[in-house]
Amino acid sequence: MKPLVYKKSRRAPKSREPERHKLHITKGDTVRVISGEHRGKEGKVLRVFPKEFRVEVEGVNVVKKHKRATNPNEESAIIELTAPIAASKVMLLDPKSGEPTRVRRRVDKDGTVQRIAVTSGQPIPRVKAK
């Protein structure tokens with residue numbers, strides 16, 4: 001009698017959690033939108049979504065959401081929210097000139113990473129979280 005041989009199934013592998021993208025932008029940075037419907041607008045970064053490679057910028061991509069009343073004493077309303085946009089559509093502003101710039105990273109001797117504006121060579125300070 002022949003022994004049973006189990007073959008590997010051809011099913012797709014289980015979906016992994018999406019990778020975290022390395023972003024050049026952090027919460028609190030001032031950025032300018034460089035492409036799309038809101039091109040030219042500037043604002044502060046409110047939230048960063050590294051898994052989706054998106055950022056939420058103050059005053060950019062404002063959408064309306066219809067909110068239904070959940071309680072009898074509550075009222076329905078139309079709320080304006082900022083929706084996230086792709087991180088590739090925004091550029092950090094140079095601290096010296098206020099123009100959009102690309103960003104380099106410099107590792108200091110003590111191991112801290114500092115962001116450097118390519119156009120002026122000035123370090124871009126990180127905004128402290130409250």
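Strands here are DSSP runs of E at least two residues long, and helices are runs of H or I of at least four, both numbered from the N terminus. The model is a predicted one, so local features need pLDDT of at least 70 and side-chain atom pairs count only at pLDDT 80 or more, while totals for chains, interfaces and linings use all residues. Residue numbers start from 1 along each chain as its sequence is written, and side-chain values rest on heavy atoms, with hydrogens and water left out.

Now to the sheets. Two strands are said to pair if DSSP finds at least two bridges between them. Six strands form an open sheet in the order β6-β3-β2-β1-β7-β8, and the pairing is antiparallel. The edges belong to β6 (85–86) and β8 (100–101); each has a single partner strand, so one side of each is left without a neighbour in the sheet. At the β8 end, β7 and β8 are antiparallel and share two bridges, with leucine 93 having proline 100 of β8 as its bridge partner. At the other end, β3 is joined to β6 by two bridges, again antiparallel, and valine 55 is partnered there with isoleucine 85 of β6.

Further in, β2 and β3 are held in antiparallel pairing by four bridges. Arginine 47 has glutamate 56 in β3 as its bridge partner. The hairpin of these two strands has four residues between them, and phenylalanine 53 takes a positive phi near 60° in it.

A second open sheet has three strands, ordered β9-β10-β11 and paired antiparallel. Its edge strands, β9 (103–107) and β11 (123–124), each pair on one side only. Five bridges link β9 with β10 (residues 113–117), the two running antiparallel, and valine 103 sits opposite alanine 117 of β10.

What about the interior? A nonpolar core is a set of buried Ala, Val, Leu, Ile, Met, Phe, Trp, Tyr and Cys residues joined through side-chain atoms within 4.5 Å. Buried means under 20% relative accessible area, exposed means over 50%, and partly exposed lies in between (1.4 Å probe, protein chains only). The largest such core has 14 residues, of which Ile25, Val31, Val55, Val57, Ile85 and Val90 touch the most other members. At least two residues of this core come from each of β1 (30–33), β3 (54–57) and β7 (90–93).

Isoleucine 85 touches residues including Val33, Phe53, Val60 and Val90. Valine 45, in strand β2 (residues 42–49), is buried because its relative accessible area is 1%. Among the residues that valine 45 touches are Ile25, Val31, Val55 and Val57. Valine 45 and glycine 28 are 17 residues apart in sequence, yet their C-alpha atoms are 5.1 Å apart. Histidine 38, from the loop between β1 and β2, also counts as buried, with a relative accessible area of 16%; the contacts of histidine 38 are Val33, Val60 and Asn61.

Note on methods
Contact = heavy atoms within 4.5 Å. Lists of a residue's contacts leave out its neighbours within four places in sequence.
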